[in-house]
Amino acid sequence: MSATNPAQTGTAQSRSERTAPRTQKITTFLWFDNNAEEAVNFYVSIFKNSRVLATTRYGEIGPGPKGTVMTIAFQLDGQEFTALNGGPQFKFTEAVSLVVHCNTQEEVDYFWEKLSEGGEKVECGWLKDKFGLAWQITPDVLLELLEQSDEQKSQRVMKAMMQMKKLDIKGLKLAAEGQ
């Protein structure tokens, strides 16, 4: 991560940057109990091209104590998200997950280890981070192999994937070849 990362240097975004029209039409909104700031700092530390955009705090009204973080707008690899300290009413489930597309096994390994730290390594490239958010660490080659017109090849790849926790590109390619 570069030294110019605002999350690390504490550089704030200007008011005009915060209020400028967004280029991203849809933003993922993540509900946390009371650890949104910790989660955002964790995520921003893992992904390149990531930063905190803006933080709002609870005032006289709202479920949080006055002055505590209410929402945090942030970017992960240029993609915008918002985190909310909304209270314990709602929890994350696997019904919604974030997919990290990877080009190499090194990327798969990096994101798998970093995001699962303190969480749970599940299966088929899925994990839950320490905040309960589900992630899929997916090599792009998996999708290419599954979209083959050769149905037997696709089935071998799917069978191999179903036996893996962290996805292994070499193992997926070998399965595609029938080995």
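Predicted model: local features only at pLDDT ≥ 70, side-chain atom pairs only at ≥ 80, totals over all residues.
Me: What makes up the protein in terms of helices and strands?
Reply: The protein has seven helices and eight strands. Of its 179 residues, 40% are buried. Among contacts with a separation of 6 or more, 60% join residues 24 or more positions apart.

Me: How many aromatic pairs are there?
Reply: The count is eleven.

Me: Why is the pair of Phe-47 and Phe-111 called stacked?
Reply: Ring centres must lie within 6.5 Å to pair, and planes under 30 degrees apart count as stacked. Here the centres are 4.9 Å apart and the planes stand at 25°, so the pair is stacked.

Me: What makes this pair a tie between parts of the chain?
Reply: Phe-47 lies in the loop between helix H3 (36-46) and strand E2 (51-57). Phe-111 lies in helix H4 (residues 105-116). The parts are 64 residues apart in sequence, so the pair ties them together.

Me: How do you know whether Phe-47 is buried or exposed?
Reply: Buried means under 20% relative accessible area. Phe-47 has 7%, so Phe-47 counts as buried. Phe-111 has 10%, so Phe-111 counts as buried.

Me: What makes Phe-47 and Trp-135 a stacked pair?
Reply: The centres are 5.7 Å apart, against a limit of 6.5 Å. The planes make 20°, and stacked requires under 30 degrees. Phe-47 and Trp-135 are therefore a stacked pair. Trp-135 sits in strand E8 (residues 134-139), so this pair ties together parts 88 residues apart in sequence. Phe-47 is buried, and so is Trp-135.

Me: Which residues do ring pairs link into a cluster?
Reply: The cluster holds Phe-32, Phe-42, Tyr-43, Phe-47, Phe-92, Tyr-110, Phe-111, Phe-131 and Trp-135.

Me: How do you know that Lys-130 lies over the face of Phe-42?
Reply: NZ of a Lys must be within 6 Å of the ring centre and within 35 degrees of the ring normal. Lys-130 is 4.4 Å from the ring centre of Phe-42, and is placed over its face.

Me: Why are strands E1 (28-32) and E2 said to stand at the edges?
Reply: The sheet is open, with four strands in the order E1-E4-E3-E2 and mixed pairing. E1 and E2 each have a single partner strand, so one side of each is left without a neighbour in the sheet. The twist averages 20° from one strand to the next.

Me: How do you know that strands E3 (residues 69-76) and E4 (residues 79-85) pair?
Reply: Pairing needs at least two bridges. E3 and E4 have six, in the antiparallel sense, so they pair. Leu-76 stands opposite Gln-79 in E4. Helix H3 lies across E1, E2, E3 and E4, at about 10° to E3.

Me: Why is Thr-82 called buried?
Reply: The relative accessible area of Thr-82 is 15%, and buried means under 20%, so the label applies. Thr-82 lies in strand E4. Beyond its neighbours within four places in sequence, Thr-82 has contacts including Thr-28, Leu-30, Ile-72 and Phe-74.

Me: What makes E5 (97-102) and E6 (120-121) the edge strands of their sheet?
Reply: That open sheet has four strands in the order E5-E8-E7-E6, with mixed pairing. E5 and E6 each pair on one side only. E6 and strand E7 (residues 126-128) pair in the antiparallel sense over two bridges. The cut-off is at least two, so the pair qualifies. The bridge partner of Lys-121 is Leu-127 in E7. Helix H4 packs on this sheet, touching E5, E6, E7 and E8, at about 25° to E7.

Me: At what angle do helices H6 (residues 151-162) and H7 (residues 169-176) pack?
Reply: The angle is about 145°, and the axes are 8 Å apart. The crossing is right-handed. The contact includes Val-157 and Ala-160 of H6, and Leu-172 and Ala-175 of H7.

Me: What is the phi of Asn-49, and why is Asn-49 called exposed?
Reply: Phi is near 55°, a positive value in a residue other than glycine. Asn-49 lies in the loop between H3 and E2. Exposed means over 50%, and Asn-49 has 54% relative accessibility, so Asn-49 counts as exposed.

Me: Why is Cys-124 called buried?
Reply: Its relative accessibility is 15%, and buried means under 20%, so Cys-124 counts as buried. Cys-124 is in the loop between E6 and E7. Its phi is positive, about 55°, although Cys-124 is not a glycine.

Methods:
Residues numbered from 1 in each chain as written. Heavy atoms only, no water. Phe/Tyr/Trp six-rings, centres within 6.5 Å; stacked < 30°, edge-to-face > 60°. Buried < 20%, exposed > 50% of the residue type's maximum accessible area, 1.4 Å probe, protein only. Axes fitted to C-alpha atoms, helices over the stretch in contact; angles between N-to-C directions. Contact = heavy atoms within 4.5 Å. Left-handed = near helix turned anticlockwise from the far one by under 90°.
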